[in-house]
Amino acid sequence: AVDAADDVFLAAGNDCAAQGDVTAAKITLEQWCEKRGCEVPFLQVFNLHDMDSDAGRYIKGLATCPRLAAVAGKLMGVKGVRLYQTSAFYKKPSHGETSWHTDLHTAPLDTNGMLTFWIAMTHVDTEDSSPLLFASRSHRDFALPYWYTMEGMIQNSGRSYPIVSHAPLAPGDATVHHGWTI
């Protein structure tokens with residue numbers, strides 16, 4: 001049960017994260033979970049490129065790198081691209097799987113032209129290292145969001161998409177996938 005004290009505690013963690021102090025936010029979350037007897041979920045931090053810190057400036061330089069923009073433009077067949085957001089997901093090998101989803105479904109964009117660059121920050125050697133799995137070519141199945149429920153997407157709806165992992169990845173290696181790829 002969440003009470004007023006929990007709201008204050010969680011707000012403190014959010015303040016830490018908003019200021020770019022991921023370590024302080026992580027400690028706050030660990031304390032909250034320990035108090036509640038629950039496991040710390042994997043951490044997500046968004047729009048790191050806007051943070052006024054050395055890490056924020058590094059992420060901004062990486063995310064706005066002309067070379068990545070050129071790759072994105074070439075893959076989408078356009079002359080220019082825009083950065084929607086940056087995010088970091090801190091997952092330990094013990095953290096569970098992320099359910100099947102599409103990135104574009106959660107973005108408030110009126111376009112089909114969206115790519116996600118997933119850049120490994122640590123070695124991703126095996127399935128225990130939490131690599132991304134893709135339902136290859138699922139971005140071309142335009143009927144999927146209209147005729148199948150999320151449960152159907154999770155079970156792959158008998159669509160027989162090849163499930164692909166790009167592990168192993170070294171720090172700095174990247175994968176790119178379309179916004180509608182499951």
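The following paragraphs describe the fold, the surface and selected side-chain interactions of a predicted protein model.

The structure is a predicted model in which local features require a pLDDT of at least 70 and side-chain atom pairs count only at pLDDT 80 or more, whereas totals for chains, interfaces and linings use all residues. Residues are numbered from 1 along each chain as its sequence is written, and side-chain values use heavy atoms, with hydrogens and water left out.

The secondary structure of the protein chain consists of six helices and six strands, where helices (H or I, at least four residues) and strands (E, at least two) are DSSP runs numbered from the N terminus. Read from the N terminus, the elements follow the order α-α-β-α-α-β-β-β-α-α-β-β. Among contacts in the protein chain with a separation of 6 or more, 71% are accounted for by residues 24 or more positions apart, a contact being defined by heavy atoms within 4.5 Å. Of the 182 residues, 27% count as buried; buried denotes under 20% relative accessible area, exposed over 50%, and partly exposed the range in between (1.4 Å probe, protein chains only).

The protein chain exposes about 12300 Å², of which carbon and sulfur atoms supply 56%; accessible areas come from the Shrake-Rupley method with a 1.4 Å probe, and for residues only the protein chains shown count as cover. A nonpolar patch on the surface is formed by Val71, Leu75 and Val176, which together have about 230 Å² of accessible area. Patches are made of residues with over 30% relative accessible area and no salt bridge, like charges being joined within 9 Å and nonpolar side chains (Val, Leu, Ile, Met, Phe, Trp, Tyr) within 5 Å.

One aromatic pair was found in a search of the whole structure. The ring centres of Phe46 and Phe89 lie 6.0 Å apart and the ring planes stand at 90°, so the pair is edge-to-face; rings of Phe, Tyr and Trp (its six-membered ring) pair if their centres lie within 6.5 Å, and planes under 30 degrees apart count as stacked, over 60 as edge-to-face and the rest as tilted. Because Phe46 is part of strand β1 (residues 43–46) and Phe89 part of strand β2 (residues 87–90), the pair ties together parts that are 43 residues apart in sequence. Phe46 is partly exposed at 39% relative accessible area, and Phe89 is likewise classed as partly exposed, at 42% relative accessibility.

The search of the whole structure returned two salt bridges, a salt bridge being a side-chain nitrogen of Lys or Arg within 4 Å of a carboxyl oxygen of Asp or Glu. One is formed by the side chains of Asp52 and Arg57 (2.9 Å, N to O), and the other by those of Asp54 and Arg57 (3.0 Å, N to O). Asp54 and Arg57 are three residues apart in helix α3 (residues 54–63) and are therefore separated by about one helical turn. Through shared partners, the salt bridges join Asp52, Asp54 and Arg57 into one network. Asp52 is exposed at 72% relative accessibility and Asp54 is exposed at 62% relative accessible area, while Arg57 counts as partly exposed at 46%.

His177 is located in strand β6 (residues 174–178) and counts as buried, with 9% relative accessibility. The side chains of His177 and Asp103 are joined by a polar contact of 3.0 Å, the term denoting a pair of N or O atoms within 3.5 Å of which, within protein, one must be able to donate a hydrogen and the other to accept it, residues adjacent in sequence counting only if both atoms are side-chain atoms. Apart from neighbours within four places in sequence, the contacts of His177 comprise Asp103, Met114, Leu115, Thr116, Leu132 and Phe134.

Trp180, in the segment after β6, is partly exposed with a relative accessible area of 23%. The side chain of Trp180 makes a polar contact of 2.7 Å with the side chain of Asn112, and residues touched by Trp180, not counting those up to four places away in sequence, include Thr102, Leu104 and His105. The C-alpha atoms of Trp180 and His139 are separated by 4.5 Å, although these residues are 41 residues apart along the chain.
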